[in-house]
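Student: I would like a close look at one part of this model, with the side-chain contacts there described carefully.

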Amino acid sequence: MVTRVTTPGNYSAVLANLLSAQARQMEAGDRVATQKNGQDLKDYARSSELLTAMRTVKARVEVFQDQNKLLSDKLATQNSGLVRVADAATSVRQIFAEALASGRVDTLMEDVEGQFRNAVEGMNARYGGKYLFAGGQVDTRPVTASALADLTVPPAVIASFFQNDRFKVTAKLDEATTVTTGLLADDIGTQLLTLFQTFQAFAEGANGPFQGEMTAAQKTFLENQLASWDQARTDVTLKAAYNGTNQKRLETVAADLVSRVDALTGMLGDITDADMAKAAADLQQAQLSVQSAAYVFQALQESSLSNFLR
């Protein structure tokens, strides 16, 4: 059997090869230019479901990362507030000790007043314009007293100076980890304000005020107060330690989230990222195929019978 060779048939075959080579050239060129194996899910038909699932998980993990960055800043601000309160308790204890050592109380009231304000500002710490230790009442100052004298104004009930509710903020660090990060002003400062109130009441009483040389009654009072201020400092420090534990836990979870995102990015890249060496080789081969097909097409034109009949 003899296969009949015709000019139209040859043109058709050569043109089909040329178009196919051009398509391969465009596809390889896109891979080289974008460094990706495709532009959308239809280009990854065999792996589209896997890609969709991995991208969904990656997006969820990245949301946790963004939330945890904000939470990290919030916990750092909480820590600053707690440290300020603890430092105020430490400073008052030191002020008392120095007064006992010198036997004079010339600036005792002013010094304690300053530390009282530091403690209150620590409990009224804010993050993003919201009060941290107010529970759910984030727009209300949790501690209303602004001066020592406020503490002895009738009815002088310590609880009345705290405006926080009992809501404690919880945070979801990842799919499996939830922690209580909220602390309340009255839990932090009830003992502290009680001690400040006791000091102010003594100064306003029969054995006050604190001026000049220390009296025997004042000496006894300050000596008896030292242990209580030590305990107050310890209690606030424990709350700061609890906050620090949450910070450490957050750091651990954050590191795990980074590892998960990196792993997912790598898995996605294995599917979507082009092998640049292969893409470059494919592009070079496709360009050669286009040139060859074009050359054959031109040669076919030149060898047409019509050229010999002119």
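Student: Is lysine 168 buried, partly exposed or exposed, and at what relative accessibility?

Tutor: Lysine 168 counts as partly exposed, at 38% relative accessibility, where buried means under 20% relative accessible area, exposed over 50% and partly exposed in between, with a 1.4 Å probe and protein chains only. The model is predicted, so local features need pLDDT of at least 70 and side-chain atom pairs count only at pLDDT 80 or more, whereas totals for chains, interfaces and linings use all residues. Residues are numbered from 1 along each chain as its sequence is written, and side-chain values use heavy atoms, with hydrogens and water left out.

Lysine 168 forms a salt bridge with aspartate 187, and the closest N and O atoms are 3.8 Å apart; a salt bridge here is a side-chain nitrogen of Lys or Arg within 4 Å of a carboxyl oxygen of Asp or Glu. Because aspartate 187 lies in helix α4 and lysine 168 in the loop between β2 (130-131) and β3 (170-172), the pair ties together parts that are 19 residues apart in sequence; helices (H or I, at least four residues) and strands (E, at least two) are DSSP runs, numbered from the N terminus. Aspartate 187 also counts as partly exposed, at 32% relative accessibility. Salt bridges that share partners join Arg166, Lys168, Asp186 and Asp187 into one network, and the structure holds 13 salt bridges.

Elsewhere, aspartate 230 meets arginine 93 in a salt bridge with an N to O distance of 3.2 Å. Aspartate 230 lies in helix α5 and arginine 93 in helix α2, so this pair ties together parts that are 137 residues apart in sequence.
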